[in-house]
Amino acid sequence: QSELVESGGGLVQPGGSLRLSCVASGITLDDYVVNWYRQAPGKEREGVACVLSRNNSTNYADSVKGRFTVSRDSAKNTVYLQMNNLKPEDTAVYYCAATGRESLTAQGLCATERPWVDHWGKGTLVTVSL
């Protein structure tokens, strides 16, 4: 049985950093495109970052570009989301998602928003506040 488990969320002040982890069991994350999504209270879910399986290229939503970085650790079967210069508007539950099939933009990058996902994690809460 496959499972994705996120961790690393918490309370951080504006301008601070957090690193989220997405650990997989039952599947090999290197074989999947991994997306990070977030959902703030009262708002729709937003795709923020993704990483391809075949070449580890990444893509980011404009709202986080230059501040967030997604990376893989194959040995740990883990994908990370490094979040720097956090803002109050980054407050949300963050989810990782894994999909076997690629969904690409016109530029050949992974799509931060996907029409379907094979595996979801249960999320980790990030709160950015004084």
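We'll start with the whole chain and then pick out single residues.

This is a predicted model, where local features need pLDDT of at least 70, side-chain atom pairs count only at pLDDT 80 or more, and totals for chains, interfaces and linings use all residues. Residues are numbered from 1 along each chain as its sequence is written, and side-chain values use heavy atoms, with hydrogens and water left out.

**Whole chain.** Switch to cartoon: you'll find zero helices and 11 strands (helices are DSSP runs of H or I, at least four residues; strands are runs of E, at least two; both numbered from the N terminus). The C-alpha trace spans about 40 × 35 × 25 Å along its principal axes. Of the 130 residues, 45% count as buried (under 20% relative accessible area; exposed is over 50%, partly exposed in between, with a 1.4 Å probe and protein chains only).

**Ser-21.** Now select strand E3, residues 18-25, and find Ser-21 in it. Which residues touch Ser-21, leaving aside neighbours within four places in sequence? They are Val-5, Glu-6, Ser-7, Trp-36, Thr-78, Val-79 and Tyr-80, with contact meaning heavy atoms within 4.5 Å. Ser-21 is buried, at 13% relative accessible area.

**Asn-77.** Next, go to the loop between strand E7 (68-73) and strand E8 (78-83), where Asn-77 sits. Its phi is positive, near 50°. Most residues other than glycine have a negative phi. Asn-77 is buried, at 17%.

**Asn-56.** Last stop: the loop between strand E5 (46-51) and strand E6 (58-60) holds Asn-56. Asn-56 also has a positive phi, near 60°, but is partly exposed at 43% relative accessibility.
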